[in-house]
Amino acid sequence: MNKKVAFYTLGCKLNFSETSTIARSFKDEGFDRVDFAEKADIYVINTCSVTENADKRFKTIVKQAQKSNPEAFIAAVGCYAQLKPNELADVNGVDLVLGATEKFKITDYLNDLSKNDYGEVHSCEIGEADFYVGSYSIGDRTRAFLKVQDGCDYKCTYCTIPLARGISRSDTMENVLKNAKEISEKNIKEIVLTGVNIGDYGKGEFGNKKHEHTFLDLVSELDKVEGIERLRISSIEPNLLKNDTIDLVSKSRAFVPHFHIPLQSGSNEILKKMKRRYMRELYVDRVSKIKEVMPNACIGVDVIVGFPGETDEHFLETYNFLNELDISYLHVFTYSERDNTEADKMDGVVPKNVRNKRSKMLRGLSVKKRRAFYESQLGTTRTVLFESENKEGYIHGFTENYVKVKTPWNPELVNTLHEVELTEIDADGLVRFGFVNAMVE
């Protein structure tokens, strides 16, 4: 009987792509992959350190694994495992903790899978995380996350990612294109490009700072890969999203008109304290440029509330800035203190209840923005890629510009693209439509 392995991934799309790569290494060693809720011989938890909730959730997930199999071997990998390996090793039931460079060699650290009295730690100095491991994940049958870059050279004062993932480094163009072709051969219709700071693509392509390619080169080449219906850029820094890239997407065969651009604050004073590499004026410029060449583009925004020193005035500056901006939705993060960051030592700590109130206000604004964006799309003809899940009798899908639609469940629609006309917004906020071609009833 083959040994069984199960995975749980916390955090970002990049983590999901890396979990898939790690899972493939287990398959090569003869393990069978099972669902995390099932009984397995080994449970691998890919951790995240972006918010304090990720830390708390880790313990809950370990308990879940122990409940399925008290004898199971439990390994923790990923960002939190790099930042606080000993804390994770101390969690009851954890046998192995692997940091940033070790996680891809996890099968080398497994001997006889017997339980340890305490968690064994292998984590390098983060300065040693200077090599690149390419990966991609196939989350469902419709889309894949393709990792093109890792690490970050930015020094944002609230962020632990450079400590957890090391310096900015990129996959070679050759390897990215090879992975993209592999994905396209699996009948997957959409690829989402992912990384820590993907606009920095090219840096570290040769294990040093030498650049042969840029992000623009990457998207130009990927656009030519046959068999991929859709390419989506995940999150890209405003200062690295250049006009050339925006123009290329607007004329592209496969890249969709959807951008996710972190802002973090609408106050220049707070942006400076965060050590972001732009001011709000540049952000306005990026949004205007996108809307000028792609009026129907969807633009998502990351924003942090409750950063040290954020007064009511600063927050209102952010709120009003976003309210007036032609954007489509927000991802709102409530600031949480992280060890070994500059922000952790700053004065002007915002009380938790104030942070929560601000977060709630911006989430309300996000609902309003998404609704307005969806309303602006009614009556237009779009292409929908349908997902594979039956959700309470409905099948969902996304248009190229990220409008979420629904229609009664029909298994024949799974992983197919159809032209539709968006007709109305349902009570749950999703969009109804009619098929443009009469072939589908």
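Buried means under 20% relative accessible area, exposed means over 50%, and partly exposed is in between, using a 1.4 Å probe and protein chains only. Helices (H or I, at least four residues) and strands (E, at least two) are DSSP runs, numbered from the N terminus. This is a predicted model, so local features need pLDDT of at least 70 and side-chain atom pairs count only at pLDDT 80 or more, while totals for chains, interfaces and linings use all residues. Residues are numbered from 1 along each chain as its sequence is written, and side-chain values use heavy atoms, with hydrogens and water left out.

**Exercise 1. Work out how strand β3 is covered, and which strands it pairs with.**

Step 1: Find β3 at residues 42-47 and check burial; six of its six residues are buried.

Step 2: Look for pairing, which takes at least two DSSP bridges between two strands. Strand β1 (residues 4-9) runs parallel to β3, with five bridges; here tyrosine 8 has isoleucine 45 as its bridge partner.

Step 3: Now try strand β4 (residues 73-78). β4 also pairs with β3 in the parallel sense, over six bridges, and asparagine 46 is partnered with valine 77.

**Exercise 2. Take helix α6: which residues are buried, and what covers them?**

Step 1: Check the length. α6 (residues 173-184) has twelve residues and reaches 16 Å from first C-alpha to last, close to the expected 16 Å. That expected span is 1.5 Å times one less than the number of residues.

Step 2: List the buried positions: Met173, Val176, Leu177, Asn179, Ala180, Ile183 and Ser184. Seen down the axis of α6, they fall within an arc of 160°, so they line one face of the helix. (The arc is that of the directions from the helix axis to the C-beta atoms.)

Step 3: See what sits over them. The cover includes β7 (136-138), β8 (143-147), β11 (190-194) and α7 (215-222), where contact means heavy atoms within 4.5 Å.

**Exercise 3. Find the residues with the most contacts inside the largest nonpolar core.**

Step 1: A nonpolar core is a set of buried Ala, Val, Leu, Ile, Met, Phe, Trp, Tyr and Cys residues joined through side-chain atoms within 4.5 Å.

Step 2: The largest one has 52 residues, and Leu193, Leu222 and Leu362 have the most contacts inside it. α6 gives the largest share, five residues.

Step 3: Zoom in on leucine 222. Leaving aside neighbours within four places in sequence, leucine 222 touches Val176, Leu177, Ala180, Leu193, Leu231, Arg253 and Phe255.

**Exercise 4. How many salt bridges does a search of the whole structure find? Then go through three of them.**

Step 1: Start with the rule: a side-chain nitrogen of Lys or Arg within 4 Å of a carboxyl oxygen of Asp or Glu. The search finds 29.

Step 2: Arginine 143 and glutamate 190 form one, with the closest N and O atoms 3.4 Å apart. Arginine 143 is in strand β8 and glutamate 190 in strand β11, so the pair ties together parts 47 residues apart in sequence. Arginine 143 is buried at 13% relative accessible area, and glutamate 190 is buried too, at 1%.

Step 3: Aspartate 312 and arginine 358 meet at 2.7 Å, N to O. Arginine 358 is buried, at 5%.

Step 4: Glutamate 337 and arginine 355 also pair, their closest N and O atoms being 2.7 Å apart. Glutamate 337 lies in the loop between β15 (329-334) and α12, and arginine 355 in helix α12, so the pair ties together parts 18 residues apart in sequence. Glutamate 337 is partly exposed at 28%, whereas arginine 355 is buried at 2%.

Step 5: Finish with the network: salt bridges that share partners join Glu18, Lys103, Lys147, Asp150, Arg165 and Arg169.
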